[in-house]
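Good morning, colleagues, and thank you for joining this meeting. Please look at the sequence and the model while I speak.

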Amino acid sequence: RSAIRRFAAQFNNLFILLLIVAAVITGLLGERLDSVVIFGVVVLIGIIGFVQEGRAEPALESVRSILPSNAVVRRDGCRRQIPAEALVPGDIVLLEPGDRVPADIRLLETRNLQTLEAGLTGESAPVAKSTDPAEAAAEVGDRTCLAFSGTTVAAGHAAGLVIATGEATEIGRISGLLAEVEVLRTPLMQRLDAFTRTLGFVILALAAVTFAIGTFVWGRAWPEMFLAAVSVAVAAIPEGLPAVMTVTLAIGVERMARRNAIIRRLPAVEALGSVTTICADKTGTLTRNEMMVRAIRTAESMLTVEGTGYAPHGAFLRAGQAVVPAEVPEFDLLMRAMLLCNEAAIIHDAGSWVAEGDPTEAALVALARKGGHDREEDAKRHPRLEVIPFTSERRYMATLHRDGPGRIIFVKGAPERLLAMASHERRSGGDAPLDAARWQARADAIAGRGERVLAIACRQVPPETGLDERLAEHDLVLLGLVGLIDPPREEAIRAVAACHQAGIRVKMITGDHARTAGAVAADLGIVRPQPVVTGHELEAMSDAELPRHALEHDIFARASPGHKLRLVRALQSMGHIVAMTGDGVNDAPALKQADVGIAMGNKGTEAAREAAAMVLADDNFASIARAVAEGRTVHDNLRKAILFILPTSMAQALIVAIAILFGLTLPITPVQILWVNMITAVTLGIAFA
């Protein structure tokens, strides 16, 4: 919104409008001082609200991201760079690693293409793309033959046909949903609006009766009685209420900012205190949006891995007992294979560990570092000679390394693919024939916990042997399986428990897979993690059925932007005050519809931040719990202020009216009443806040 529109919005309040009318009337009657003072109070209230909302803007500017400004296309047989807005359906777009996809594209050629779609679908890991057609009814996250506008190319190259631009893209459709959503007023404001309308009629009636009796019964001059009627109206109008509300909310904003919650609209502070349900997006909010190896399975053992994110620190546990992987040969070789058959890296930057390259591969590097391996040392002992890169068609990556007098091939990829390529499994006593059925059951068990599964294998080959697909795809020795997951934030687990203790339900609404959502929910301690309701099931529910299911279930997976919007509306229809968190473009409509939309400041998209009333500077769900606690304090203070100010305002009006009706003359003017009310209100607001 422009500065003028934001300033004008501060006066969208019946109390303020009544004060403006009173100021105009007193000015017309020649009481210029009264008129100027009343106008001054109105402008002061508007400035306070305007400044507080404006203070959020610089904080938002620092975390904004933009869609691509240019696109590389093939036109007239030549490679050209053009402005992204100049793309039209039918253009051939070329994509490379790091590119932002400039439009919705049907892929025609792919070479190891993977895209990051977390902002659009909620999927944490890169999505492998291919030219194979998807089913007509496939959800957005399952349309692997398309690259979507606003997503990022994580790896590989591609050429594709532009099939949609602007509002016809998936992001454009979300913009259409946003346009349909009206910003809601907070529950307290809604009740106050209804009361204000009633009070307005009472005030006008009281002023009119006072004017009529004073003029026609007591025979006083009409200008004098008109001023008296205005005094009655000013006395009855709780003009201090906007001031005390603004002061209380402004102090709440300052306190929340110190807790990493940036408030974009003042009423959101009070609404937070009324929240009964928090609908949280999974990726990046409840989880770290960082892949991590949770489990390692070999032929004879199962290890559980501790730690957080990409930090190379954490213990290895077998049956609850700590294990040193370097002392177990099969584990040691497995980790060496993960580290060397890998293109990613992890670096320590500004106090935290971040991934360079594919997040899944970076998680394997972190695991090997935890196990005591160093990439430089391993690379010196086993230098890489050749590589077969991962492609969505092959579904594996293979590297050839020198290994003493001979050579060794390391392979990692999809479990079902490597099980078909392996003939033996590694055991502590030596290699044994592969039991493929047992390994498949192990892979299914890990996947059933919501973890992504990778298989690791190797093959010893003679010296001078080169690497080709024939060698890599036969007679492998399976070393083991690893299970990866985007882990829940430790502080989010505590925050969910605190919300439950405070009587607030936490629901997870994500675009990720059902099994992954269920596993993360169980780790977070969400009340009813099972069964998980999917997007297809939501699609089949009528608007009449949906509210019951929205209340009964806490986990919703493979949810589209439309599903998230319907769920928020369904909960609101049942009387719940809903806070919605999110970071992606797909979350924006629901963020705008919610009573309090909460966007992520670091990893969130601009669409999400613009739709939200509050932005988390640290992307941490725990900050929401702290903000709700602060909001409850503000809400309680506002109720106290309202209960104090409204009766006293009406009492003042009745005293003035009764005095006039009985023919008494009071040496009091509207401005004197206004001064008393404002001083009382501001003092009260500061004391309460």
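This is a predicted model: local features need pLDDT of at least 70, side-chain atom pairs count only at pLDDT 80 or more; totals for chains, interfaces and linings use all residues.

Residues are numbered from 1 along each chain as its sequence is written, and side-chain values use heavy atoms, with hydrogens and water left out.

Let me begin with the strands. Helices (H or I, at least four residues) and strands (E, at least two) are DSSP runs, numbered from the N terminus. Two strands are said to pair if DSSP finds at least two bridges between them.

Please find strand 10, residues 292-297. How many of its residues are buried? Five of the six are, so strand 10 is mostly covered; buried here means under 20% relative accessible area, exposed means over 50%, and partly exposed lies in between, with a 1.4 Å probe and protein chains only. Strand 10 runs antiparallel to strand 11, and three bridges join the two. A hairpin of four residues connects strand 10 to strand 11. Across this pairing, Arg 297 stands opposite Met 302, and Ala 295 stands opposite Thr 304. Ala 295 also stands opposite Gly 483 in strand 22. Strand 22 covers residues 476-485 and is joined to strand 10 by five bridges, again antiparallel.

In strand 12, Phe 316 is the bridge partner of Val 305.

Elsewhere there is an open sheet of eight strands with mixed pairing, in the order 8-28-27-26-9-23-25-24. Its edge strands, each pairing on one side only, are strand 8 (261-263) and strand 24 (533-534). Within this order, strand 9 (residues 277-280) and strand 26 (residues 578-582) run parallel and are joined by three bridges. Thr 277 has Val 578 in strand 26 as its bridge partner.

I now turn to charged pairs. Side chains of opposite charge can pair when their charged atoms come close. A salt bridge is a side-chain nitrogen of Lys or Arg within 4 Å of a carboxyl oxygen of Asp or Glu. By this rule the count is 27 salt bridges.

Which parts of the chain does the pair of Glu 343 and Arg 384 tie together? The closest N and O atoms of Glu 343 and Arg 384 are 2.9 Å apart. Glu 343 lies in the loop between helix 12 (329-340) and strand 14 (345-349), and Arg 384 lies in strand 16 (residues 384-388), so the pair ties together parts that are 41 residues apart in sequence. Arg 384 is partly exposed, at 32% relative accessibility.

Glu 416 forms a salt bridge with Arg 395, with the closest N and O atoms 2.4 Å apart. Because Glu 416 lies in helix 15 (residues 415-421) and Arg 395 in the loop between strand 16 and strand 17 (396-403), this pair ties together parts that are 21 residues apart in sequence. Glu 416 is partly exposed, with a relative accessible area of 38%.

In a further salt bridge, Asp 76 and Arg 80 have their closest N and O atoms 3.5 Å apart. Asp 76 counts as exposed, at 69% relative accessibility, while Arg 80 counts as partly exposed, at 38%. Finally, Glu 300, Glu 425 and Arg 427 are linked in a network of salt bridges.

To close, I come to rings and the surface. The charged end of Arg 442 sits over the ring of Trp 439, 4.6 Å from its centre; the rule asks for NZ of Lys or CZ of Arg within 6 Å of the ring centre and within 35 degrees of the ring normal. Leu 28, in helix 2 (residues 14-28), is exposed, with a relative accessible area of 72%.
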